[in-house]
Amino acid sequence: MFCDLLVQGVRLDGELPRDSYLNKVPAIRNLKKMGKLDFHQPVTFFVGENGVGKSTLIEAIAVSLGFNPEGGSINFHFSTEDSHSELYRFLTVSRGVRRRKDGFFLRAESFYNMASYIDQLSDLINSYGGVSLHQQSHGESFMALVENRFGGNGIFILDEPEAALSPARILELMCHIHRLVEENSQFIISTHSPILIAFPGAEVLQLTKDAISSVPYTETEHFKLSRQFLNAPEKMCRYLFEK
Ligand SMILES: Nc1ncnc2c1ncn2[C@@H]1O[C@H](COP(=O)(O)OP(=O)(O)O)[C@@H](O)[C@H]1O
Ligand SMILES: [Mg+2]
């Protein structure tokens, strides 16, 4: 076990309100069964079907750690829509002994609002590369953020970062993650990217309706299906359309 992690795991404490939709979200039901979920590596991926609860879980971890629910660093205080769940109130995040120096929570859905917030604070823009994030493409602004704002000893929680990125940029992101892990940072990432999950040494936690389990990335459906498709796209399409 990698003992020096900034965030070592999460535990669900207390009873969720009986009528809460959270009782029906598979990831939350399974976390309740397990009691706690430990992190073992500086990079943890959550993978699983749409709707299984990846965003709900990582958002609650981020809010428990003090991040703004719509994204940003600890110091961000903007809110356009009160859309985050109450799960964070029932979640205990166990922290390591090291103190966190930096951090960021990034949600694909609220990246636009976060960019507007940074624009409003004019003295902040230099920490993000000097160009308004709105004057760059989604992918460019995402990379500007990672290059300029992510540092060592930080905890970075990213929800589907690949939404903004070309395959080449995903590889670039992996290089940044590698550099930042060497500088003692930790990443918790929800993703559908079969490329990203191949990050060496990362733990892939697969969320299904029945369980949360650690799996080799080569055993995920994301990897197997992508490989099968890329090996024979025409054949696969013929098969799909015939069906
Ligand atoms: N405010 C809400 N009220 C009711 N159900 C919700 C609400 N927010 C999310 N859900 C449901 O919670 C489930 C998990 O959502 P989410 O965490 O976004 O899934 P994922 O990120 O794995 O695709 C989904 O079935 C979604 O419809
Ligand atoms: Mg999601």
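Student: Where is Leu37 found?
Tutor: Leu37 is found in strand β2, which covers residues 36–38. Keep in mind that this is a predicted model.

Student: Why is Leu37 called buried?
Tutor: The cut-off for buried is under 20% relative accessible area. Leu37 has 4%, so the label buried applies.

Student: Which residues is Leu37 in contact with, leaving aside neighbours within four places in sequence?
Tutor: Leu37 is in contact with Gln8, Gly9, Val10, Leu31, Phe46, Leu205 and Ile212. Take Leu205: 168 residues separate Leu37 from Leu205 in sequence, and their C-alpha atoms are 9.9 Å apart in space.

Student: What makes Phe241 exposed?
Tutor: Exposed requires over 50% relative accessible area. Phe241 has 69%, and therefore counts as exposed. Phe241 sits in helix α7, residues 233–242. Together with Tyr239 and Leu240, Phe241 forms a nonpolar patch on the surface, with about 380 Å² of accessible area.

Student: Let's turn to strand β5. How do you know that β5 is mostly covered?
Tutor: Six of the six residues of β5, residues 102–107, are buried. On one side these are Asp102, Phe104 and Leu106, and on the other Gly103, Phe105 and Arg107, which leaves both faces covered.

Student: Which strand is joined to β5 by bridges, and how many are there?
Tutor: Strand β6, residues 154–159, runs parallel to β5 and is joined to β5 by six bridges. One of the pairs is Asp102 with Gly154 in β6.

Student: Are Asp102 and Arg149 buried or exposed?
Tutor: Buried means under 20%. Asp102 is at 17%, so Asp102 counts as buried. Arg149 is also at 17%, so Arg149 is buried by that cut-off.

Student: Which residue forms a salt bridge with Arg107?
Tutor: Glu59 does, with the closest N and O atoms 2.8 Å apart. Glu59 belongs to helix α2 and Arg107 to strand β5, so this pair ties together parts 48 residues apart in sequence. Both Glu59 and Arg107 are buried.

Student: How do you know that Lys209 and Asp210 meet in a salt bridge?
Tutor: The limit is 4 Å. For Lys209 and Asp210 the N to O distance is 3.8 Å, and the side chains meet in a salt bridge. Lys209 and Asp210 are exposed. By this rule the count of salt bridges comes to nine.

Student: Which residues touch the most other members of the largest nonpolar core?
Tutor: Ile28, Phe39, Phe46, Ile61, Ile157 and Ile188 do, in a core of 33 residues. Helix α2 gives the largest share, five residues.

Student: What is Ile157 in contact with, leaving aside neighbours within four places in sequence?
Tutor: Among its contacts are Ile58, Ile61, Phe104 and Ile188.

Methods. Residues are numbered from 1 along each chain as its sequence is written. Chains are lettered from A and ligands numbered from 1 in the order in which they are written. This is a predicted model: local features need pLDDT of at least 70, side-chain atom pairs count only at pLDDT 80 or more; totals for chains, interfaces and linings use all residues. Side-chain values use heavy atoms; hydrogens and water are left out. Helices (H or I, at least four residues) and strands (E, at least two) are DSSP runs, numbered from the N terminus. Buried means under 20% relative accessible area, exposed over 50%, partly exposed in between (1.4 Å probe, protein chains only). Contact means heavy atoms within 4.5 Å. Patches are made of residues with over 30% relative accessible area and no salt bridge: like charges are joined within 9 Å, nonpolar side chains (Val, Leu, Ile, Met, Phe, Trp, Tyr) within 5 Å. Accessible areas come from the Shrake-Rupley method with a 1.4 Å probe; for residues, only the protein chains shown count as cover. Two strands pair if DSSP finds at least two bridges between them. A nonpolar core is a set of buried Ala, Val, Leu, Ile, Met, Phe, Trp, Tyr and Cys residues joined through side-chain atoms within 4.5 Å.
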